[in-house]
Amino acid sequence: MSRPEIRVQGLHKSFGDNHVLRGIDLEIDQGEVVCVIGPSGSGKSTLLRCVNLLEEPSEGQVFVGGTEITDPDVDIDAARRRIGMVFQQFNLFPHLTVTENLTLPQRRVLGRGRAEAARVAAENLARVGLAEKAAAYPASLSGGQQQRVAIARALAMGPDVMLFDEPTSALDPELVGDVLAVMRGLAEEGMTMMVVTHEMTFAREVADRVVFMDGGVVVEDGSPDQVIGAPRHERTRHFLSRLLDPAMAEVEEETSDQVGEPGA
Ligand SMILES: Nc1ncnc2c1ncn2[C@@H]1O[C@H](COP(=O)(O)OP(=O)(O)OP(=O)(O)O)[C@@H](O)[C@H]1O
Ligand SMILES: [Mg+2]
């Protein structure tokens with residue numbers, strides 16, 4: 001029987017008087033892949049960051065593997081170790097080799113010895129198809145390879161769930177496929193994954209569920225075929241039509257550049 005690996009209940013988050021998350025309820029079962037889509041500013045990153053406790057929720061609860069991680073008495077470091085996170089920017093240490101990027105957090109955070117950390121690093125580099133880059137420095141890798149290293153670094157910590165925040169948005173189009181292939185492999189291995197993405201093909205083919213967010217609430221939550229293929233809500237239809245129509249998307253992008261969208 002499946003059990004929720006991630007459970008979000010009545011989650012609110014405000015930054016000052018900006019009420020960003022307005023009551024999110026969400027369950028993700030063990031082994032499930034959920035893609036989160038929605039317009040810029042709808043709160044997708046904030047939601048992921050609350051699940052990882054990078055942000056403190058203003059209200060509500062988050063459970064991971066049955067433990068309430070929003071409980072003030074919980075061991076936050078232990079809770080965080082169960083959650084791997086991959087960002088749009090890879091955040092590798094430029095002065096460390098690929099292997100060192102993977103061994104450092106294992107040794108610092110998990111207290112693993114040198115040999116074990118190296119073994120786990122090698123294992124996970126192989127898992128993302130980069131065994132041969134172990135001794136390379138990040139600057140000598142393509143963006144797609146750097147992102148795969150970042151995924152391997154998260155996996156080396158042995159997380160129960162993986163959160164991805166637009167992992168392919170910073171990549172040149174020809175590098176996106178390799179990263180998505182690694183993520184698809186993880187999904188097939190049964191990893192529980194929550195993925196913020198604009199890659200609709202990935203969402204359709206890999207996700208068990210798609211969640212559409214707008215204005216800090218979940219507007220639709222259903223199968224990819226339903227949410228992407230036959231959206232029930234006008235807001236979802238509007239978002240998807242902009243996304244799937246490149247001409248419109250370009251206009252929107254220019255407009256948001258002019259108002260200086262953060263994090264673009
Ligand atoms: N640390 C912060 N301090 C203040 N405001 C924040 C902070 N993080 C996010 N916000 C605000 O919260 C709102 C939602 O931001 P969030 O990054 O979650 O949106 P998003 O859906 O991920 O958008 P995008 O698609 O552009 O990444 C925005 O208005 C943003 O300015
Ligand atoms: Mg975001």
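Biologist: Which residues is Ile151 in contact with, leaving aside its neighbours within four places in sequence?

Modeller: Contact means heavy atoms within 4.5 Å. With those neighbours set aside, Ile151 touches Val86, Val128, Met162, Phe164, Val179, Val182, Met183 and Leu186. This is a predicted model, in which local features need pLDDT of at least 70, side-chain atom pairs count only at pLDDT 80 or more, and totals for chains, interfaces and linings use all residues. Residues are numbered from 1 along each chain as its sequence is written, and side-chain values use heavy atoms, with hydrogens and water left out.

Biologist: Which residues touch the most other members of the largest nonpolar core?

Modeller: A nonpolar core is a set of buried Ala, Val, Leu, Ile, Met, Phe, Trp, Tyr and Cys residues joined through side-chain atoms within 4.5 Å. Buried means under 20% relative accessible area, exposed over 50%, and partly exposed in between (1.4 Å probe, protein chains only). Among the 46 residues of the largest core, Ile151, Met162, Phe164, Met183, Met193 and Val210 touch the most other members. A second, separate core has 27 residues, including Val8, Ile28, Leu53 and Met213.

Biologist: Is Gln147 buried or exposed?

Modeller: Gln147 counts as buried because its relative accessibility is 0%. Its contacts beyond four places in sequence are Val86, Phe87, Gln88, Phe90, Pro167 and Val179.

Biologist: What is the relative accessible area of Phe15?

Modeller: The value for Phe15 is 36%, so Phe15 is partly exposed. Beyond four places in sequence, Phe15 is in contact with Val20, Thr46 and Glu55.

Terms used. Chains lettered and ligands numbered in written order.
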